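Work through the exercises below with the model open. Each task is followed by a stepwise solution.

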Amino acid sequence: RGEYLETTGCMFMLARRFCGQLDHPDLDPNAVDQAIRNLVFLASAMQEHPELVGEFVVPSAGSNSGSGSGEGATPEGGTPLAWLVKRMSQMSVRKGDDRRIAVFKWFAAVATTQSVEIVTSFLTLMIDPLYRAQADGQS
């Protein structure tokens, strides 16, 4: 049932793990698709129930490591969903078609499942990686 997700901190832990799965150099296409679906669900759950996310911090804007260590400053709004969008945006910094495509699929899914106001607030974080990929000649 839903008790597991009602544990404070569980959504953040799951989101970090799914992001780590997408940030792995050897991506299994089936696992990627499932991780994207899971992260879309978690994005909605985080938006609806931020009190269940627990402690979270956002990787700093200059971090290219993609390690997801979770250290750094909180973005504008400081919401769990803001952390997740920032993390996904940072994952697309490093070149790699599979990783970038997975991030772009997640952006598209979130853009269709969240309200216009929410999507608009994160538009820069979504468009910058798309521009970067186009400028790099990838994805």
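**Exercise 1.** Find the salt bridge between D23 and R99 and locate both partners.

*Solution.* Step 1: D23 pairs with R99, and the closest N and O atoms are 2.9 Å apart. That meets the criterion for a salt bridge (a side-chain nitrogen of Lys or Arg within 4 Å of a carboxyl oxygen of Asp or Glu). Step 2: D23 sits in the loop between α1 and α2, R99 in helix α4, so the contact ties together parts 76 residues apart in sequence. Step 3: D23 and R99 are both buried. Buried means under 20% relative accessible area, exposed over 50%, partly exposed in between (1.4 Å probe, protein chains only).

The model is predicted: local features need pLDDT of at least 70, side-chain atom pairs count only at pLDDT 80 or more, and totals for chains, interfaces and linings use all residues. Residues are numbered from 1 along each chain as its sequence is written, and side-chain values use heavy atoms, leaving out hydrogens and water.

**Exercise 2.** Which residues do salt bridges with shared partners join into one network?

*Solution.* Step 1: R94 meets D23 at 2.8 Å, N to O. R94 lies in the loop between α3 and α4 (97–113), so this pair ties together parts 71 residues apart in sequence. Step 2: R87 also bridges to D23, at 3.6 Å. R87 belongs to helix α3 (residues 80–91), 64 residues from D23. Step 3: the network is D23, R87, R94 and R99.

**Exercise 3.** Is R94 buried or partly exposed?

*Solution.* R94 has 26% relative accessibility, so R94 counts as partly exposed. R87, at 3%, is buried.

Methods
Helices (H or I, at least four residues) and strands (E, at least two) are DSSP runs, numbered from the N terminus.
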